[in-house]
Amino acid sequence: MTLPTVVLVQILLPILLLLSAVRGKSPSCLSSSVREPARHGLVLTLFFRAGADAGGIGVNYGTRGTTLPPPADVARFLARDTLVDRVRLFDADPAVLQAFAGTGLAVDVTVPNGVVPRLVSLAFARRWVGENVAPYARATNISRLLVGNEVTTEANRTLLLALVPAMQNLHTALVAVSLHGRIKVSTTHSLGVLTTTEQPSAGRFRDGYDTAIVKPLLRFLRATGAPFMVNAYPFYGLTNDTLDFALFRVNAGVMDEGSGVVYSNMLDAQLDAVHSAIRRLGFGDVDIAVSETGWPSAGEDWEVGVGAELARDYNKKAIRHLGSGVGTPLMPNRTFEVSIFSLFDENLKPGPVSERNFGLFRGDMTPVYDAGIFTDPETVVPVSTKLTPAAGQGAAAAAGRRQWCVPKPAADEMMLQENIDFACGQEGVDCAAIRPGGVCYEPDTLQGHAAYAMNLYFQSNGQHAFDCDFGQTGVLTTADPSFGGCKFT
């Protein structure tokens, strides 16, 4: 579901209107989050490939925590004690690539966003493959290179224009070392690549991105047999009215007026919106894979639906549903590759409490809950006893406790930059820590830098609630967002 940016993307508004009308409550937006491009970790993919080889389970293996076990221990645990059979890395860390050698787990290697523009040079692409792929490909089952993460929703023209040429050059580099037959090239997308749509059958890509970026990308995927990979999170944009719809529970269902189809869960609706957008460009035969989905086991007072039992229920049901062969209304009778986010809780992530609590396991490898991934079916795992404050008690919970100001997970990138500019321009607010070389500069993300700047402004101005408003993009938290040497005063 790390945190360069988290942008709330509204989709399927009429579905919520209908759902709200059925329940007699105010409408809200069915949406999905654009999670941060650079997670500085890895994702172990729950793998359900369409066709006869369907099967397997995986989880996100992020590394932004202070007490995580060594990669070799993680690889051994996953290969021996779980049903995981695919691993997605967020960089080409040699130690991690070596750790998965001989495990039989398929490995997807992500090229960091910062490297993508350099790959427009074929010489650089060949050198990158020669240094980061070829030396490990014999012992480690590298199966896919992912060029950046959520590049198609980055507000970076250079990065966008480099995406497809970079993918083409990496494929050419793989051909040169005879690895193109076993290693495919793709990239991941958030649902922010879609326009706001009224129903799944009307899904379409954002204007300007559709023909200039996405169409050439789809042409490449079709030619090489690689999937279109999407990060889909029913958790983001959730309301009490849509909780049953998001959790695969029994509900009244919602009708797509365009197709006449009644949807029983939010994830199907999101995937069909993506499929409709792809089909609209003439590439309906390109496979879709869910590169990320998940649910937090703990969160802030104002976050709807957080909790270990709900996280367990969503992940179990998502795995079962996408691997069942039922498919979705617009893509029936098929299975999907699906990645659950994440393997570990990661205490170094910035943002609200939920961002640090998507893990299936704690750092000592004890489970937060049982998502059904153990090889021993007799394994009994109690649901975590993490405490989640009751909804509506935010003010009471915060009484008498220290508070910090951080961006909401749905905050727009442009707004976050404006928040940084405003806060750092005020007298008495010293933002040196988030400038290059500063102790809080890394991770170099808008979300992380905005959290520091917004909190510094809030603390410097008397810690009033209105000093954390920032155009309704800020929120107060009682969880200290400090990490490593970066201290939020």
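Analyst: Let us begin with a term: a disulfide is a pair of cysteine sulfur atoms within 2.5 Å. By that rule Cys440 and Cys486 are joined, with an S to S distance of 2.0 Å, and the torsion about their S-S bond is about 105 degrees, so this disulfide is right-handed. Please keep in mind that this is a predicted model, in which local features need pLDDT of at least 70 and side-chain atom pairs count only at pLDDT 80 or more, while totals for chains, interfaces and linings use all residues. Residues are numbered from 1 along each chain as its sequence is written, and side-chain values use heavy atoms, with hydrogens and water left out.

User: Which parts of the chain do Cys440 and Cys486 tie together?
Analyst: Cys440 lies in the loop between helix H11 (413-424) and H12, and Cys486 in the segment after E15, so the bond ties together parts that are 46 residues apart in sequence. Helices (H or I, at least four residues) and strands (E, at least two) are DSSP runs, numbered from the N terminus.

User: And are Cys440 and Cys486 buried or exposed?
Analyst: Both Cys440 and Cys486 are buried, where buried means under 20% relative accessible area, exposed over 50% and partly exposed in between, with a 1.4 Å probe and protein chains only.

User: How many disulfides does the structure hold?
Analyst: The structure holds 3 disulfides, and with bonded cysteines counted along the chain they follow the pattern 1-5, 2-3, 4-6. Cys405 and Cys468 form one of them, with a torsion of about 90 degrees, so that bond is right-handed; Cys405 sits in strand E14 (residues 404-407) and Cys468 in the loop between helix H12 (446-460) and strand E15 (474-477), 63 residues apart. The bond between Cys424 and Cys431 has a torsion of about -95 degrees, so it is left-handed, and both of these cysteines are buried.

User: Changing topic, how many aromatic pairs are there?
Analyst: A search of the whole structure finds 16 aromatic pairs. Rings of Phe, Tyr and Trp (its six-membered ring) pair if their centres lie within 6.5 Å, and planes under 30 degrees apart count as stacked, over 60 as edge-to-face and the rest as tilted. Phe205 and Phe228 form a tilted pair, 5.9 Å centre to centre with 55 degrees between the planes.

User: What about Trp295 and Tyr314?
Analyst: Their ring centres are 5.2 Å apart and their planes meet at 35 degrees, so this pair is tilted. Trp295 is in the loop between strand E12 (288-293) and helix H9 (308-322), whereas Tyr314 is in helix H9, 19 residues apart. Trp295 has 0% relative accessibility, so it counts as buried. Trp295 and Tyr314 also belong to one aromatic cluster, along with Tyr233, Phe235, Tyr236, Phe248, Phe341 and Phe358.

User: Where is confidence lowest, and where highest?
Analyst: Confidence here is pLDDT, the predictor's confidence in each residue, from 0 to 100. The lowest mean is 35, in strand E1 (residues 7-10), and the highest is 98, in helix H4 (residues 122-132). Over residues 1-55 the pLDDT is below 50, and this stretch has 255 contacts (heavy atoms within 4.5 Å) in the model beyond near neighbours in sequence. The pLDDT is also below 50 over residues 387-399, a stretch with 13 such contacts.

User: And for the protein as a whole, what is the average pLDDT?
Analyst: The protein averages a pLDDT of 82, and 82% of the residues score at least 70.
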